[in-house]
Amino acid sequence: VFNTLGFDRGDVVCLGELEAEALEDAAGNRYAVQQTAQGAVAYLERLPSKGYVTLRASAAAAAPSPFLRRDEHHLETPYYSVAFDENGRLSSLFDKEYDRELLRPGRTGNRLRVYEDKPIYYDNWDIDRYYTEKSYDVDHPVSMTWTEDGPVRATLALRYEFCGCAIHQNIRFYANTRRIDFESTVDWKLHQHLLKAEFPLDIHTDEATFEIQFGNVTRKVHSNTSWDKARFESCAQKWMDYSEGNYGVSLLNDCKYGFSVHENNIDITLMRAPICPDPTGDIGYNEFTYSLVPHAATWQEAGISELAYALNNPPAVVYSAVGSHDGEQLISVKRKGVVLDAFKKAQNDDGYILRVFEAYSSRGKCEIDFCKAIESVTECNLMEKDGEALSHCEKSFVFDIKPNEVRTFRIKFK
């Protein structure tokens, strides 16, 4: 199992057609395997940064499910008490670890709503502020079925039909991670209509944080000034976070980049289908995932950036009839919040280029370790033009990094 990210991680891994009750690593750690319609899945820990671990099938007894369903509308997980209404929406999401309800009283989460979206200018680029004046709820699911319940995850499958469109969601709750996934497939037929998923949160704050290239930005969520009013829709890359002093909720995604925050609601824009300049945009089959992550303290302490990278970069699995029963770590970044964004051959084939950035808005020393002996380390710019040479140890080097700074190095190995 290969981890392509620059930090150690634990994650749910899709194993394909594996007929086993458990997996075992070289240290003797065992991981339960759950069989699903999409293949086997397991939650694996200790996946090394930019490296791999080798596991083998184990004959251990089947692990019990940690989930409990009182009826078709209530689920107990290791982290949450969850209730769904007759429309498949979250009517309650209670965090058992931190003893608090996430949703506002009388409101429902993951509410799918369609808005008429006809901007005056620039159809493909603009959403006008008045789009909220005409909307329709997506409700009355065609089917609502619990399809999975095992040692790794429990899944509620929902299917909706709306004006010729088909929306299918698998809502996944996990035994070993607080992340809640909404895996979605949509056959969209509506031009100039916008689909959003809405989460009304019981959180009090006047700002939200959005990931951007090589960092993040904080934006106010009120409408006190003309600039604030213009931010009724905000862009973000892999995540946004909405937190008060000691608790918050993050919304992750793997390919959807429009968010809105208003009166304690966080919404993610899922579909648009404008007609100019491309009349086919969003029309047809679409597949995407967004995830809700309640957390304590700040998003930095909760590791939201790492969770978002993990959602977008699932571990890769390779099967082999023979092989060593061990693993290897190729590169390791020894500072939380410093993201290894790129490692590649240099454009002129002279060594390798390593690029990192600081994502937590903090400064300090960062150490990077390699599995091979280093010959030289040279700082360079984004165009890979060399600058100052840096001192290094046999297989590592240390440098200072500032808040939100991007650093690029040329590495030559012996």
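# Exercises on a predicted model

Asparagine 110 is found in the loop between β12 (100-101) and β13 (111-116); strands are DSSP runs of E, at least two residues, numbered from the N terminus. This is a predicted model: local features need pLDDT of at least 70, side-chain atom pairs count only at pLDDT 80 or more, and totals for chains, interfaces and linings use all residues. Residues are numbered from 1 along each chain as its sequence is written, and side-chain values use heavy atoms, with hydrogens and water left out.

## Exercise 1

Classify asparagine 110 as buried or exposed, and list what it touches.

*Solution.*
- Take the cut-offs: buried means under 20% relative accessible area, exposed over 50%, partly exposed in between (1.4 Å probe, protein chains only).
- Asparagine 110 has a relative accessible area of 2%, so it is buried.
- Contact means heavy atoms within 4.5 Å.
- Leaving out residues up to four places away in sequence, asparagine 110 touches Arg89, Gln169, Ile171, Phe182, Ala197, Glu198, Phe199 and Tyr290.

## Exercise 2

Describe the largest nonpolar core, then a second one.

*Solution.*
- A nonpolar core is a set of buried Ala, Val, Leu, Ile, Met, Phe, Trp, Tyr and Cys residues joined through side-chain atoms within 4.5 Å.
- The largest has 53 residues, and Trp188, Phe199 and Tyr290 have the most contacts inside it.
- Strand β16 (residues 153-162) gives the most to this core, with five residues.
- A second, separate core has 18 residues, including Ile374, Val377, Phe399 and Phe413.

## Exercise 3

Classify two aromatic pairs by their geometry.

*Solution.*
- Rings of Phe, Tyr and Trp (its six-membered ring) pair if their centres lie within 6.5 Å; planes under 30 degrees apart count as stacked, over 60 as edge-to-face and the rest as tilted.
- The count comes to 22 aromatic pairs.
- For tyrosine 79 and tyrosine 80, the centres are 6.1 Å apart and the planes at 50 degrees, so the pair is tilted.
- Both tyrosine 79 and tyrosine 80 are buried.
- For phenylalanine 84 and tryptophan 146, the centres are 6.0 Å apart and the planes at 75 degrees, so the pair is edge-to-face.
- This pair links distant parts of the chain: phenylalanine 84 is in β10 (residues 80-84), tryptophan 146 in β15 (residues 143-149), 62 residues apart.
- Phenylalanine 84 is buried at 4% relative accessibility; tryptophan 146 is buried at 10%.

## Exercise 4

Which rings lie under lysine 238 and lysine 256?

*Solution.*
- A charge sits over a ring if NZ of Lys or CZ of Arg is within 6 Å of the ring centre and within 35 degrees of the ring normal.
- Lysine 238 lies over the face of tyrosine 309, at 4.2 Å from the ring centre.
- Lysine 256 lies over the face of phenylalanine 288, at 4.8 Å from the ring centre.

Key: Helix = DSSP H or I, 4+ residues; strand = E, 2+ residues; numbered from the N terminus.
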